[in-house]
Amino acid sequence: MRVPATIRGVREALPEELRARFATEIDDTPAAQLPFTLVRWSMNIPSGHDDAEEALLERVRSGDFTEVTFADDLGDDEYRSAG
């Protein structure tokens with residue numbers, strides 16, 4: 001699964017009807033929580049998933065970020081799931 005790792009990228013990839021809610025929440029998110037908020041919102045970006053990816057999505061949606069790698073750790077602008 002590959003999704004944007006910037007606020008703008010996530011916002012633009014979201015369905016239009018979710019963008020205002022995303023903008024409001026991201027504006028109020030403490031800096032230390034930004035990566036988690038971006039990942040959680042990225043789960044709303046339409047895309048097809050195989051069974052393994054769907055299981056990962058459900059785990060992240062539940063708040064379990066173990067084995068998740070953030071773009072900052074990779075030195076690029078994309079989130080990649082572990083796995």
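A salt bridge here is a side-chain nitrogen of Lys or Arg within 4 Å of a carboxyl oxygen of Asp or Glu. Side chains of opposite charge can pair when their charged atoms come close. The model is predicted, so local features need pLDDT of at least 70 and side-chain atom pairs count only at pLDDT 80 or more, while totals for chains, interfaces and linings use all residues. Residues are numbered from 1 along each chain as its sequence is written, and side-chain values use heavy atoms, with hydrogens and water left out.

**Exercise 1. Find where confidence is lowest and where it is highest in the protein.**

Step 1: Start with pLDDT, the predictor's confidence in each residue, from 0 to 100. Its mean over the protein is 81, and 77% of the residues reach 70 or more.

Step 2: Go to the helices (H or I, at least four residues) and strands (E, at least two), which are DSSP runs numbered from the N terminus. Strand E2 (residues 78-80) has the lowest confidence, at a mean of 51, and helix H2 (residues 16-27) the highest, at 96.

**Exercise 2. Work out how many salt bridges the whole structure holds, and which residues form them.**

Step 1: The search finds three.

Step 2: Take glutamate 25 and arginine 40, whose side chains meet at 2.2 Å, N to O. Glutamate 25 is in helix H2 and arginine 40 in helix H3, so this pair ties together parts 15 residues apart in sequence.

Step 3: Arginine 61 and glutamate 58 meet at 2.6 Å, N to O. Both belong to helix H4 (residues 51-61), three residues apart, about one turn of the helix.

Step 4: Arginine 59 pairs with aspartate 64, with 3.6 Å between the closest N and O atoms.

**Exercise 3. Decide whether the partners are buried or exposed, or in between.**

Step 1: Set the cut-offs: buried is under 20% relative accessible area, exposed over 50%, and partly exposed in between (1.4 Å probe, protein chains only).

Step 2: Glutamate 25, at 27%, is partly exposed, and so is arginine 40, at 36%.

Step 3: Arginine 61 has 38% and counts as partly exposed; glutamate 58, with 43%, is partly exposed.

Step 4: Arginine 59 is partly exposed at 22%, as is aspartate 64 at 28%.

**Exercise 4. Describe the surroundings of threonine 37.**

Step 1: Threonine 37 sits in helix H3 (residues 34-42).

Step 2: Its relative accessibility is 7%, so threonine 37 counts as buried.

Step 3: Leaving aside neighbours within four places in sequence, threonine 37 is in contact (heavy atoms within 4.5 Å) with Glu25, Ile26 and Thr29.
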